[in-house]
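Colleague: I would like to learn how to read a loop residue and a cavity. Please take me through both.

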Amino acid sequence: MTAPVVHRLWARLPRPLDPLRSIKVKFGVVVVVTACVAVLIVLWGYPLGFRARQTLPVGVLISLVVIQLLAHGMTAPLREMTAAARAMARGDYSRRVRATSRDEVGELAQAFNRMAADLAEVDRQRREFVANVSHELRTPISALQAVLENVADGVTPATPEVLGSALDQTERLGRLVTQLLDLSRADAGAAALELSRVDVAAFVADVTAEAEAGHPGALFESDVTPGLHATADRDRLHQVVANLLANAARHGPPGRPVTITARPGAAPGGLVLEVADEGPGIPPAERARVFERFSRGTASGPRAGTPGGGTGLGLAIARWATDLHGGDITVLDTAGGCRVRVTLPGEP
């Protein structure tokens, strides 16, 4: 029988002490059982004519076997965690520990399994992030390189239209780098809020004007409670609203309005913002994932996939900025289109 087979069989042995909730009690049970076994062997030998010097070594050996069987369930999770930790050091996050014990070691094994699952998810997101960043950077760089090569080789004249196309790709590249820097600051925890009193009507008018300049074919409408003020970081709030408007304009049908509404929150200085479009909407199963990085969902708008399309980072940045305020961002249930609500608590 090979060593791996023996190891698997040993790992599958029953663990009779697992129902006990304290490792101290388990140690006590092991000591009592082994002592009783040794004494019983010695007492058993007297009626048969065996002396203590003959039965005692046998009792000790049998006690050691009993100790191994009883203590196996106590130490096996620790050995499994050691092996799993070594596998994680090599990049393998698939190993899990058998956590059937109800004592402190069992709780540690369960915590270890949760940690392993979290690390596996982080590693998956890291790999996807690197792959998506590479793809997003390569697309505008390749397009820009093709335009410049054609101009340099004399194949395409340097007309305003050609240079405008190159400028569009450069702007897209700049937006992506800016978003990546924002997310990098978010991961580093280097972002701090500078709260101030914001005139919501003027703020919405400014952000909407910028959105109209960036999306000439889109129609924006606003509905703000008169005299509304909110306590927020104006720059971070600008990131939230600008990304929501850009996302709605990208996925909404041409000629149909993108609506932004603003109402006072429950607390002083609070704010409730909603951005709605009449596009295909977001399926309920994907509403939690749309705020993840590089998640675009399956419901693409009419302009999705064009050179001016989204990078899949806008909603992730919006959630980050909302979380900084201690607020909440969610996709609402609607009969048609998509409606995203942002709730800010106001005064800290």
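Colleague: Where is Arg95 found?

Modeller: This is a predicted model, in which local features need pLDDT of at least 70, side-chain atom pairs count only at pLDDT 80 or more, and totals for chains, interfaces and linings use all residues. Residues are numbered from 1 along each chain as its sequence is written, and side-chain values use heavy atoms, with hydrogens and water left out. Helices (H or I, at least four residues) and strands (E, at least two) are DSSP runs, numbered from the N terminus. Arg95 sits in the loop between helix H3 (52-89) and helix H4 (104-152).

Colleague: Why does Arg95 count as partly exposed?

Modeller: Buried means under 20% relative accessible area, exposed over 50%, and partly exposed in between (1.4 Å probe, protein chains only). Arg95 counts as partly exposed because its relative accessibility is 35%.

Colleague: Which residues does Arg95 touch?

Modeller: Contact means heavy atoms within 4.5 Å. Leaving out residues up to four places away in sequence, Arg95 touches Ala83, Ala84, Ala87 and Ala116.

Colleague: How many cavities of 30 Å³ or more are there?

Modeller: On a 1 Å grid over the protein atoms alone, a cavity is a set of points where a 1.4 Å probe fits but cannot get out; lining residues have an atom within 4 Å of a point. Points are joined across faces, edges and corners, and a volume is the space filled by probe spheres set on them. The count is two, and the largest cavity holds about 40 Å³.

Colleague: Which element gives the largest share of the lining of the largest cavity?

Modeller: H7 does, with three residues.

Key: 1 Å grid on protein atoms, 1.4 Å probe; cavity = no way out; pocket = protein on both sides within 12 Å on 5 of 7 lines; lining within 4 Å.
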